Every structure is written in C-alpha cells, then in structure tokens.
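Trainee: I'd like to go through this one with you. Let me put it up first.

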Amino acid sequence: MDRFGAPLMAACVILSMLGCGGDGSSPSSPSSPSSPSSPSGPSGPSGTFTVLYSFGASSTDGIDPQSLVQGTDGNFYGTTFSGGIYTATYAGEPLNQGSVGAGTFFKITPAGVETVLHSFGGGGDSAFPRPGPVQGTNGNFYGITEGDNSGGANIFEISLTGAETVLYSFLYPGTFAPTGVLIKGMDGNFYGTTTSSDAYSSGTVFQLTPAGVVTVLAAFGASSTDGTDPIPLIQGTDGNFYGTTASGGTNGGGTVFKITPAGVETVLYSFPTGIGAGGLTQGTDGNFYGTTAHGGTNNAGTVFEITPAGVETVLYSFTGSSANLIVGAEPSALIQGTDGNFYGTTSYGGTNGAGTIFKITPEGGETVLYSFPALSNPEDSIGLSGLIQGTDGNFYGTTQSGGANGDGTVFKYTP
C-alpha cells in the first residue's frame, strides 16, 4: 500500500531525497530554469532532454512535484506533495512522518518560470495534495488532498490566482480514501475512485458536481469475481468509464472494468495474480492500452492492449537484461502521442538503473528515448509521474527527486 491509499500507483513518490541533479546526477548549480535551447542531460536517439525548473529554490517553494496538466492558457499546472509556507503532520505510511511542508499548487510557463499560486495547510485548508489536478470548464482546477493528522482527504477547487475552496470532505463511514485523481466527464462533472467505502469496503466510483455534491455511482466487491481497489478512471469515446483494479477478479490479480454513467459495472478482463496493472488510455483505434509493473515473458512488466469487448493482448514484455535498457521497469501510465505512438516513463531500469522515457508503437515495437543518469543513492528513485504532450508537440513531466536542490524537477523532452 503506498502513501496515496491506492495499492498501486505507477509513480514511485518519495518526500525527502539526497541531492541529485534534475536527471539524477550530482548537484552542481543553484536552482534556476534551464534554457529550453540548452539540454540538461544526454540526448535520446532523436531527441533532447531539458530540465525546465528545479524545486526547492526557496524556503517557500514546493518540494516533491506530482504530475502536470496544461491549462487552456498554455501554461502548466501541478501540485507538490510537500513544501510551501505551512506545515502539517504527515499521517501516511512510516516514511518521513512528522511536521513537513503541507504542499503547494504551482504554475510553470513553457520557458520554465515557476510561481507558487497556493500553499496548502493554512486556514482550515487540507494538506498534502495528490497528483492529477484537472481544469474545469470554468477555468479553475480541481484536485484532492490526502489530509494529515488533523483531518482527512478533501476535494478542492482553486482558481488561476490561487484562491482555494474545499468542495467536499471524505469522512468515514461514507466513501473515503480517494485514489487521488479526478477526471472531467463529458457532462462537465468530475469522476474519481476510492479504495474504501461503506458498502463492501472494496472501493467506489463517484461523481462530483462543480458545486461539490458527491454521488457514489458504483461500489466494488459485490461478488467474489468483482475487482477491488480501483485505480483512476478514463472516460471512453462511447461515454462509459473504464479503469483497472489493483486486486480482485477471478484470479485475484485485478481487473479491467467498464462502468456506465448510470453506474452499471462490467468486468471485462481478470489479470493473473501479482501483475500490478496501472491505469488505461484509449487509443485512436478505440482500444485501450496500459502497463503492468510485473508479468510478461520475463516478469519485468508489460504493455498491453484490451478491446472494449475485453480481449487482451500483451504487446511488449520488458526484459530483465541491461541490453534492453529497461530492467524491472515499473512503467507509468501511457499516453498516445500525436504521431500515433505511445509514450511513457519507467521508475527503474535504463542504462543507469534510474528510469527511462520510452516509445512503443501500436504493434509493440519499443524504443528507449532517454535514460536517466544514475542516482547517488540507489535506494532512492527519481519517481516519475508519467508524461503529458504539450500543444507544442514536446513531452513534459516531473521527477520527485533530483534537480539542483534535490527536491524534484519539471522536465521537457523534445522528440
């Protein structure tokens, strides 16, 4: 169980890391945005890696950045799990417990200029925001905080100027322990999952209106073959919601499921035990694509395809050899690029064992685009949160450690 309450998250997120460079190398200079025209690490086979910003530049800056989203204004927005001007007592697993910064909401321009818009943990605000803020039709962003010893998880709304409102608080015995990512539905409402509930204690899918009204659409665990502990959703082009569960199903290894907007759930596929499936993305061909942390020919993880009817195919098995450049990869969720190929990151492996950026074709042909340099402490992890593709065609992401201050980075990869 990781600190976000979900049994499996593709990214390994760690609060306090030893100082290492934005790409995993030793620090050598103060934090400052890197010039977009000056690569901050080795180039890939046909691309360039650039560190746009290193966190921890001041005592009020965020630490441990999570995944990004590009706003309608062209800037990037995200949260840091720690840092900021307020402190809170972390109540998660025994990892760096104690009073630490309660997190921030930040903006970063494509040129790498970062602004802290909001510090969590003050004035009745909740603490420790999770990955995946999403922008609503009103231009504001919505997300989830994990909470601390003084309070539980909240759903928040935050404006472009940093004005924050708590819309909903998760309280036992109602639906609680959200997995941390909201999606915006076609109807303008938001949807998410929890790993616990008051029905079968196996998780739920819920709907949140922009006004803060939460409705449970479906509860998992109603049968012995149902999935349990759902991972964040996507909405398919057919209007239904699709996702994976970390456990349950016929084999106990999790499932791929479909849920209608009315809350009718169907198990499409059951994974083998111990597979560790991540989230899904829908391809332009209408099929769904995802990754597993384990399984495959070498038990080092896979990329898989599954049709809306539930027919699953392993497209690629990561190998356990350094020649493949990915070893025990723990790949993040995939995105489909504008070129039709899929892109992702791994938390481990690569030529230096510190993770990679990779590309995979719809037919399963895999290419390592970039290998992060070795960490100064092999027990640490760069902690990659996956990629997004900007409107400029470049890929953007974060590392939860590294950078000039050892507190994480925002990076750009130019194909």
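Trainee: Leaving aside neighbours within four places in sequence, which residues is Gly365 in contact with?
Mentor: Lys359 and Ile360; contact means heavy atoms within 4.5 Å. Bear in mind that this is a predicted model, where local features need pLDDT of at least 70, side-chain atom pairs count only at pLDDT 80 or more, and totals for chains, interfaces and linings use all residues. Residues are numbered from 1 along each chain as its sequence is written, and side-chain values use heavy atoms, with hydrogens and water left out.

Trainee: Where does Gly365 lie?
Mentor: In the loop between strand E28 (356-360) and strand E29 (366-371). Strands (E, at least two residues) and helices (H or I, at least four) are DSSP runs, numbered from the N terminus.

Trainee: Is Gly365 buried, exposed or partly exposed?
Mentor: Partly exposed, because its relative accessibility is 35%. Buried means under 20% relative accessible area, exposed over 50%, and partly exposed in between, with a 1.4 Å probe and protein chains only.

Trainee: Next, the nonpolar core. Which residues of the largest one touch the most other members?
Mentor: Phe49, Ile357, Phe372, Leu387 and Tyr413, out of 13 residues. A nonpolar core is a set of buried Ala, Val, Leu, Ile, Met, Phe, Trp, Tyr and Cys residues joined through side-chain atoms within 4.5 Å. Strand E1 (48-54), E29 and strand E32 (409-414) are the elements that give two or more residues to this core.

Trainee: What does Ile357 contact, neighbours within four places aside?
Mentor: Its partners include Phe49, Phe372, Leu387 and Tyr413, along with Gly344 and Thr345.

Trainee: How many aromatic pairs does a search of the whole structure find?
Mentor: 25. Rings of Phe, Tyr and Trp (its six-membered ring) pair if their centres lie within 6.5 Å; planes under 30 degrees apart count as stacked, over 60 as edge-to-face and the rest as tilted.

Trainee: Why is the pair of Phe220 and Phe257 edge-to-face?
Mentor: Because the planes stand at 70 degrees, with the ring centres 4.9 Å apart. Phe220 is in the loop between strand E16 (214-219) and strand E17 (227-230), and Phe257 is in strand E20 (residues 255-259), so the pair links distant parts of the chain, 37 residues apart.

Trainee: Buried or exposed, those two?
Mentor: Phe220 is buried at 1% relative accessibility, and Phe257 is buried at 0%.

Trainee: Sheets now. What is the order of the open sheet of 4 strands?
Mentor: E8-E9-E10-E11, with antiparallel pairing; two strands pair if DSSP finds at least two bridges between them. Strand E8 (134-135) and strand E11 (164-169) each have a single partner strand, so one side of each is left without a neighbour in the sheet.

Trainee: How many bridges join E10 to E11?
Mentor: 5, between strand E10 (residues 154-158) and E11. Ile158 stands opposite Glu164 in E11.

Trainee: Last one: how many helices and strands in the chain?
Mentor: 0 helices and 32 strands. Of its 415 residues, 60% count as buried.
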